[in-house]
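Please look over the sequence and the 3D structure shown here before reading the report that follows.

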Amino acid sequence: QVQLVESGGGSVQAGGSLRLSCAGSGYTYSRNCMAWFRQAPGKEREGVAVISTGGGGALYGDSVKGRFTISRDNAKNTVYLQMNSLKPEDTAVYYCAAGNGQCSFGRWRTGAQFSYWGQGTQVTVSS
């Protein structure tokens with residue numbers, strides 16, 4: 001049974017930082033594309049970042065470029081999202097997602113290639 005468990009969310013003031021973690025189990029983690037998405041109340045789900053199986057390639061949503069960094073440790077079956085210079089508009093529930101195999105970078109934002117999702121972790125940024 002595939003499980004993705006996010007942690008590291010919380011409340012922070014604008015300009016602060018948080019590091020999210022997503023621990024995976026029940027599948028061959030290192031062979032699969034991983035990503036972070038987020039959803040704020042009343043808004044559509046948004047692609048935050050995606051990372052290739054080996055960690056050498058990553059893409060980011062326009063709203064987080066230059067502030068967020070995605071990384072992965074395949075030995076620990078864990079993917080991370082380092083979030084710096086946080087803004088109130090970053091407030092959302094953040095979800096970890098795992099795909100089946102290599103990333104299709106052209107359409108990652110749709111979320112369609114990701115079969116497994118975590119339960120989400122809340123990030124709240126106050127002004």
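## Strands and their pairing

Two strands are said to pair if DSSP finds at least two bridges between them. In this predicted model, strand 1 is joined by five bridges to strand 3, which covers residues 18-25, and these two strands run antiparallel. One of the residues involved is Leu 4, whose bridge partner in strand 3 is Gly 24.

This pairing belongs to an open sheet of four strands, which follow one another in the order 1-3-8-7 with antiparallel pairing. The edges are taken by strand 1 (3-7) and strand 7 (68-73), and because each of them has a single partner strand, one side of each is left without a neighbour in the sheet. On average, and with direction ignored, neighbouring strands of this sheet are turned by 15° against each other.

## The chain as a whole

The protein chain contains 11 strands and zero helices, so that a reading from the N terminus on gives β-β-β-β-β-β-β-β-β-β-β. Its radius of gyration is 13 Å, close to the 14 Å that the globule rule gives for 127 residues, and the chain is therefore as compact as a globular protein of that length.

Along its principal axes, the C-alpha trace of the protein chain spans about 40 × 25 × 25 Å. Of the 127 residues, 45% count as buried.

## The nonpolar cores

The largest nonpolar core has 27 residues, and those that touch the most other members are Met 34, Trp 36, Val 79, Leu 81, Met 83 and Tyr 94. Two or more residues each come from strand 3, strand 4 (34-39), strand 5 (46-51), strand 7, strand 8 (78-83), strand 9 (92-99) and strand 11 (121-126). Strand 9 gives the most to this core, with four residues.

What does Tyr 94 touch, if residues up to four places away in sequence are not counted? Its contacts include Leu 20, Trp 36, Phe 68, Leu 81, Met 83 and Val 123, and also Glu 6 and Arg 38.

## A network of salt bridges

The count of salt bridges comes to four, and a network of salt bridges links Arg 38, Glu 46, Arg 67 and Asp 90. The side chain of Arg 38 meets that of Glu 46 at 2.9 Å, N to O. Because buried means under 20% relative accessible area, Arg 38, with 5%, is buried, whereas Glu 46, at 27% relative accessibility, counts as partly exposed.

Arg 38 also meets the side chain of Asp 90 in a salt bridge, again with a value of 2.9 Å, N to O. This pair links distant parts of the chain, since Arg 38 lies in strand 4 and Asp 90 in the loop between strand 8 and strand 9, 52 residues apart. Both Arg 38 and Asp 90 are buried.

Asp 90 forms a salt bridge with Arg 67 as well, and here the closest N and O atoms are 2.7 Å apart. Arg 67 lies in the loop between strand 6 (58-60) and strand 7, while Asp 90 lies in the loop between strand 8 and strand 9, so the pair ties together parts that are 23 residues apart in sequence. Both of these residues, Asp 90 and Arg 67, are buried.

Conventions: Residues are numbered from 1 along each chain as its sequence is written. This is a predicted model: local features need pLDDT of at least 70, side-chain atom pairs count only at pLDDT 80 or more; totals for chains, interfaces and linings use all residues. Side-chain values use heavy atoms; hydrogens and water are left out. Axes are lines fitted to C-alpha atoms, for helices over the stretch in contact, and angles run from 0 to 180 degrees between N-to-C directions. A nonpolar core is a set of buried Ala, Val, Leu, Ile, Met, Phe, Trp, Tyr and Cys residues joined through side-chain atoms within 4.5 Å. Buried means under 20% relative accessible area, exposed over 50%, partly exposed in between (1.4 Å probe, protein chains only). Contact means heavy atoms within 4.5 Å. The radius of gyration is taken over C-alpha atoms; the globule rule is 2.2 Å times the number of residues to the power 0.38.
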